[in-house]
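The following paragraphs lead the reader through selected features of one protein model. Please keep the sequence and the coordinates at hand while reading.

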Amino acid sequence: MGIYDMDIFDGYLVLFFNKKGFPMLCSLNFPLQIDLKHQSYIQDLKPWYFPLPSNTCSVSPGSNHDFLRVVYRVVLSSPVMPDLVVDYDMSKHTYSIVHQEEVNCDSVGWSSIPTFELNRSTIQEACSDKKECATNFSSQRWKDFSQIYCCQREEVISHDGVMVPLTIVYSRQSWKKGQSPGLLVGYGAYGEDLDKSWYSDRLSLLDRGWLVAFADVRGGGGGGPSWHKSGSGLNKQNSVFDFVSCGNYLVNKGYVQSDLLCAIGWSAGGLLVGAAVNMCPQLFRAVILKVPFLDICNTLLDPSLPLTLLDYEEFGNPQLQSNLDSILSYSPYDNIPPNSCFPSVLVTAAVNDSRVGVWEGAKWVAKVRDDTCPRCSLTVIMKTSMVGGHFGEGGHYAQCDETAYEYAFLMKALGISIE
């Protein structure tokens with residue numbers, strides 16, 4: 001169990017932590033009864049664990065600026081549950097739902113999301129006292145799409161025996177075992193949690209029978225500081241092995257048809273996916289690399305770039321021989337397998353991107369076209385924004401247009417008709 005954040009109030013301490021890969025929260029009463037001469041555990045301090053829906057994947061604090069308040073606001077979300085604002089009363093050990101995003105589900109003929117009745121099995125419980133953990137649950141109702149879409153968590157064995165969390169989402173009606181296409185999402189850097197919150201545009205893929213999987217590879221924040229360390233610096237290649245292992249798992253277990261697996265990565269996640277494609281180009285049918293960090297060695301050798309010095313902590317300093325050897329072992333630009341058959345690839349870049357230079361994607365695409373199979377490399381393309389930056393052009397409609405383009409690319413690459 002790793003604590004990754006906290007909030008302090010006049011009479012309470014709120015802790016954010018992961019337990020076996022699941023997000024959890026609890027509150028402790030001040031003053032804390034701690035014997036400084038002996039080691040203390042959270043459980044010894046009589047915590048109140050906040051009741052959470054069992055499929056919760058994203059937990060973030062709301063607006064909690066009043067130091068004297070006893071109510072703590074949290075925003076909960078998951079791939080099958082629209083954003084939910086909940087107030088937890090730390091003095092009474094009760095909670096109340098403040099607001100939940102309204103969503104139309106036209107694909108199944110529902111005008112709004114169905115009510116999901118709570119029961120004891122749908123609450124994540126970190127303590128043994130079920131009554132204490134689920135206090136007041138009978139008077140509240142979450143709403144989600146779990147009757148239509150399945151969200152489940154698997155653990156994948158990586159190359160060195162480490163278990164990697166994999167969250168899988170698919171439509172109960174449209175997905176077909178061993179026959180469906182899949183999209184594997186990864187990031188794995190800076191200790192950041194992979195975003196698995198609600199995203200309504202994703203329903204377009206799920207309703208077409210796609211499976212979407214989120215790989216919490218090492219280097220990200222899925223398992224606390226040690227999880228980050230074991231996938232950064234000299235250990236960065238663990239991230240790539242984890243991602244490939246997750247892709248193989250989806251195919252071998254029949255979640256995705258063997259020739260219909262796709263992958264997507266943003267920024268440093270583009271480095272992860274690009275390195276995975278170099279390692280196993282035959283595993284993926286199509287790949288999207290969004291503002292990807294591909295020419296890592298040359299970038300880190302230029303200290304004039306804004307993020308170079310900060311990235312030494314994450315990836316290493318190539319001016320040190322041991323770090324240089326490590327970087328060159330997985331660098332997407334430096335490890336393109338010659339004469340190989342590459343999957344279809346969409347690379348996006350932005351002229352005004354201050355974090356990842358537009359030239360990185362351009363250099364990588366040019367090298368892939370030169371070094372790999374001439375026929376396959378025809379489907380490696382680059383889309384450059386002349387006005388946007390690292391996070392896109394901004395605005396809801398621009399984001400929808402960008403997502404539609406990416407989904408259309410994936411379906412065209414797989415030969416799937418767009419209805």
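The lining of the second largest cavity consists of 6 nonpolar, 3 polar and 2 charged residues; here Ala, Val, Leu, Ile, Met, Phe, Trp, Tyr, Cys and Pro count as nonpolar, Asp, Glu, Lys and Arg as charged, and the others, Gly among them, as polar. These residues are V291, P292, T348, A349, A350, D353, V356, G357, V358, E360 and G361. The elements that give two or more residues to this lining are β19 (344-350) and α9 (358-371). The volume of the second largest cavity is about 30 Å³.

The model is predicted, so local features need pLDDT of at least 70 and side-chain atom pairs count only at pLDDT 80 or more, while totals for chains, interfaces and linings use all residues. Residues are numbered from 1 along each chain as its sequence is written, and side-chain values use heavy atoms, with hydrogens and water left out.

A cavity is a set of points on a 1 Å grid over the protein atoms alone where a 1.4 Å probe fits but cannot get out, and its lining residues have an atom within 4 Å of a point. Grid points are joined across faces, edges and corners, and a volume is the space filled by probe spheres set on the points. The search of the whole structure finds 2 cavities of 30 Å³ or more. The largest cavity has a volume of about 40 Å³, and its lining divides into 5 nonpolar, 4 polar and 2 charged residues. Among the residues that line it are Y187, E192, L194, D216 and W227.

V291, one of the residues lining the second largest cavity, lies in the loop between β18 (286-290) and α6 (296-300); helices (H or I, at least four residues) and strands (E, at least two) are DSSP runs numbered from the N terminus. The phi of V291 is near 35°, a positive value in a residue other than glycine. Another local feature is the cis peptide bond from F30 to P31, with omega near -5°. P31 is located in the loop between β3 (22-29) and β4 (48-49). Most residues other than glycine have a negative phi, and most peptide bonds are trans.

Helix packing remains to be described. Helices α4 (residues 237-252) and α5 (residues 268-279) pack at an angle of about 70°, with their axes 9 Å apart. In this contact (heavy atoms within 4.5 Å), S239, V240, F241, F243 and V244 of α4 meet L272, V273, A275, A276 and M279 of α5. By class, the contact has 9 nonpolar, 1 polar and no charged residues.

How values were computed:
Axes are lines fitted to C-alpha atoms, for helices over the stretch in contact, and angles run from 0 to 180 degrees between N-to-C directions. On a 1 Å grid over the protein atoms alone, a cavity is a set of points where a 1.4 Å probe fits but cannot get out, and a pocket is an open set with protein on both sides within 12 Å along at least five of seven lines; lining residues have an atom within 4 Å of a point.
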